[in-house]
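These are my notebook entries on one structure. I wrote down what I looked up, in the order I looked.

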Amino acid sequence: MIDRNSRLRLARQVRLKADPRSGKQMLLYPERGLELNEIAARVAALCAEETTVGEILDRMAAAAAAGTPRERIDSEVLEFLCALEDRGLLVVSGS
Amino acid sequence: MKWETPSFVEINMSA
């Protein structure tokens with residue numbers, strides 16, 4: 001289970017790349033891929049190097065438009081990170 | 001940056 005104190009990074013076989021046709025950011029892993037929207041791509045980029053979930057949440061909150069509720073940012077980013085972990089795309093420690 | 005729910009579409013590359 002991921003929480004604010006978890007340390008994580010993208011798993012070794014996962015790559016974040018732009019799709020040459022659509023220009024959208026993709027998380028690529030063996031035989032599969034995820035086509036990401038802009039916010040998901042930003043979160044995934046922050047996972048490229050080992051970091052804490054708290055750090056990711058703080059940086060996404062700082063980048064979000066003024067007035068975006070912090071609770072919404074935290075819950076939606078956490079849900080996205082859990083979806084990546086469920087697919088084995090993250091290496092998580094320290095939770 | 002305008003906030004939107006982070007989302008993705010899963011693609012089976014081999015198919």
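**Entry 1: Asn5(A)**

I started with Asn5(A), which sits in the segment before strand 1 (7–10) of chain A. I took helices (H or I, at least four residues) and strands (E, at least two) as DSSP runs, numbered from the N terminus. The model is predicted, so I noted its limits: local features need pLDDT of at least 70, side-chain atom pairs count only at pLDDT 80 or more, and totals for chains, interfaces and linings use all residues. Residues are numbered from 1 along each chain as its sequence is written, while chains are lettered from A and ligands numbered from 1 in the order in which they are written.

Is Asn5(A) buried or exposed? Asn5(A) counts as exposed because it has 10 C-beta neighbours inside 10 Å. The cut-offs, with C-beta atoms placed from the backbone, are 20 or more others within 10 Å for buried, 12 or fewer for exposed, and partly exposed in between. I also looked up Val43(A), 38 residues away along the chain from Asn5(A); their C-alpha atoms are 16 Å apart.

Next I traced an open sheet of four strands, in the order 2(A)-3(A)-4(A)-1(B), with antiparallel pairing. Strands pair if DSSP finds at least two bridges between them. At the edges I found strand 2 (15–18) of chain A and strand 1 of chain B, each pairing on one side only. From one strand to the next, the twist averages 25°.

Strand 3 (residues 25–29) of chain A pairs with strand 4 of chain A over four bridges. Tyr29(A) stands opposite Arg32(A) there. Two residues lie between the strands of this hairpin, and Glu31(A) has a positive phi near 70°.

**Entry 2: across to chain B**

How many bridges join strand 4 of chain A to strand 1 (residues 8–12) of chain B? I found five, in the antiparallel sense. Arg32(A) has Asn12(B) as its bridge partner, and Glu35(A) has Val9(B).

I then listed the contact, which takes 18 residues from chain A and 14 residues from chain B. Residues are in contact if their C-beta atoms, placed from the backbone, lie within 7 Å. On the chain A side, strand 4 (32–36), helix 1 (38–46) and helix 3 (70–86) each supply at least two residues. Strand 4 of chain A gives the largest share, five residues. By class, I noted eleven nonpolar (Ala, Val, Leu, Ile, Met, Phe, Trp, Tyr, Cys and Pro), three polar (the others, Gly among them) and four charged residues (Asp, Glu, Lys and Arg) on that side.

Methods
Two residues are in contact if their C-beta atoms, placed from the backbone, lie within 7 Å. Axes are lines fitted to C-alpha atoms, for helices over the stretch in contact, and angles run from 0 to 180 degrees between N-to-C directions.
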